[in-house]
Amino acid sequence: MSLDLRDCTFAGPAMPEPFVKYRLEELLTKKKLLGKSTGDKTLQESWQAYRNKLRSLGEQGLEQRVLHHVLEPLVERLGWQLLDKADPATTREGQEAGGYLLRIAPSQGETDAPHLRAWVYPVGTDLDAPNKRGRAYRFSPGLVAQRVLLAKGERVGLLTDGLELRMLLSDPSGRDSHIGIRLDRSGGWRAARELPDSFRLLRALCQPSAAGVIAELLNEARLSQSTVTKKLREQARRAVETFIQGLLDDPANRELRNQWSADDEAAKELWREGLVLVYRLLFILKLETSPDPARAFSFASSSLWRNSFSPSTALAPIVEKVRDRGAETGEFLAYSLRALFRLFSHGLMSNELHVSPLGGMLFGKEATTKLDTLHWSEQAVAHLLDALLWTPKKTSRGADAGRERVHYGALDVEDLGRVYEALLELEPGIASEPMCRLRRAKLEVVVPVAQGASYRATVAEEGDEDE
């Protein structure tokens, strides 16, 4: 059973949610870092005592009160022994607060004992806003802590304001990341009577023996994310191909097709505009699911967005009906997708939804002029959305295990950029006769079936599986 982390949010690429959900528990168990979820009476009693301490904090309090009710009780529960005020640290912004150090008592002659750095702020502090009036965003508590961890070469730290506890993950090769745990009374630790899995995760990643394992876990997460990006690149290509093929096959577009002067030019134009459509959807899917409020749609949780426009919640169930049962939906998906794009290109003002008009390469008036003149069939749009919302799922042995949703919130903007750039390199064309694909190693060509027949016969005789 996977970890139940409904009280957590995941920001940044260092520890993406799908990796945490499907892989992290197995890796932590192998490293003997993750304690039992049930049956440990001592741990359960310790949790109840800590929960009572959190509940007595209340809804307001200065730094010292948060320190006494949130951080100090964690010292022994995480396996540390001492808590000391840290000296200021030198970062690229100068001298910045070094927080507190959770330490173990050094052995005789030992000078470099492991430690965990933590920062504490008054209850209700905005951890993503500047901590002093007139200062820039880069001086927020979260970014100050990340800079100090990076300067000190430390991979994990803690940051809390009494209502949220963040595990900061410092990965020199990527953007700042964290796992946020709610401490409030409505769904957070103060409301949890039983030992929550998020507390087990905190103990696993922040105990002294985890110091040498974190780098390995972050590397595993990076490799897992690379696999997701590779899959998404393949699916984005399939999305463009199936969508444009659906438009070319649509009888309603036959008259317009006959007016095209050159198929090669039309193919390039359709491919470019198809990529624009796909990148529009990647942009929307990313920003409606981003856990970082500074990089997400402010209206993503509104009822009008979720039930009328959202590809993930409003359109996905209809895509499944068309895909699995061939449901007759008229032109619902086609009209909905056009309406979604108009929402961003023209904007919308209402009591519940406020969207400013966007332009540029994605939503400008000239972005998709050729595709806008064509009829979009329901099946073509269903294939387009299906390829971007779901991905094939594999078992640990590589066997097919159905499908699962793509988690866009865990992807970084650079990942989406790499998907788009890889598709720009492809050379599109419109075939006027049946074609076949010939491949040897990484070299691949597409030729008419008649021309490829002799090669296919040779391969059949010689049994060369590389061709």
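Predicted model: local features only at pLDDT ≥ 70, side-chain atom pairs only at ≥ 80, totals over all residues.
Strands of a sheet pair through backbone hydrogen bonds, in either a parallel or an antiparallel sense.

Several of the pairings can be followed strand by strand. Strand β5 (residues 100–103) pairs with strand β6 (residues 115–120) in the antiparallel sense, over 4 bridges. Within this part of the sheet, Leu101 stands opposite Arg117 in β6. The pairing of β7 with β8 is also antiparallel, over 5 bridges. These two strands form a hairpin with 3 residues between them, and Gly162 in the turn has a positive phi of about 90°. Val156 has Leu169 in β8 as its bridge partner. On to the next strand, β8 is joined to β9 (residues 177–182) by 6 bridges, and the two run antiparallel. Here the bridge partner of Leu169 is Ser177 in β9.

Of the 6 residues in β8 (residues 164–169), 6 are buried, so the strand is largely enclosed by the rest of the structure. Glu164, Arg166 and Leu168 point one way from β8, while Leu165, Met167 and Leu169 point the other way. The residues on both sides are buried, with Glu164 and Arg166 among them.

Two packed helices are described by the angle between their axes and the distance between the axes. For helix α7 (residues 214–249) and α15, the axes come within 8 Å and cross at roughly 180°. That angle makes α7 roughly antiparallel to α15. On the α7 side, the contact consists of Gln235, Ala236, Arg238, Ala239, Thr242, Phe243, Gly246 and Leu247. On the α15 side, they meet Ala380, Val381, His383, Leu384, Asp386, Ala387 and Leu388. By class, this contact has 9 nonpolar, 4 polar and 2 charged residues.

Ile244 also lies in α7. At 10% relative accessibility, Ile244 counts as buried because the cut-off is 20%. Leaving out residues up to four places away in sequence, Ile244 touches Leu270, Trp271 and Gly274. Gly274 is 30 residues from Ile244 along the chain, yet their C-alpha atoms are separated by 7.1 Å.

Helix α15 (residues 378–389) also packs with helix α11 (residues 311–325), where the axes come within 9 Å and cross at roughly 120°. The two helices are therefore oblique to each other, and α11 passes α15 in a left-handed crossing. From α11, the residues in contact are Pro311, Ser312, Leu315, Ala316, Val319, Val322 and Arg323. They meet Gln379, Ala382, Leu385, Asp386 and Leu389 in α15. This contact divides into 8 nonpolar, 2 polar and 2 charged residues. Asp386 of α15 is in contact with α7 and with α11.

Technical notes: Residues numbered from 1 in each chain as written. Heavy atoms only, no water. Axes fitted to C-alpha atoms, helices over the stretch in contact; angles between N-to-C directions. Parallel < 35°, antiparallel > 145°, perpendicular 65-115°, else oblique. Left-handed = near helix turned anticlockwise from the far one by under 90°. Contact = heavy atoms within 4.5 Å. Nonpolar A, V, L, I, M, F, W, Y, C, P; charged D, E, K, R; others polar. Pairing = 2+ DSSP bridges. Buried < 20%, exposed > 50% of the residue type's maximum accessible area, 1.4 Å probe, protein only.
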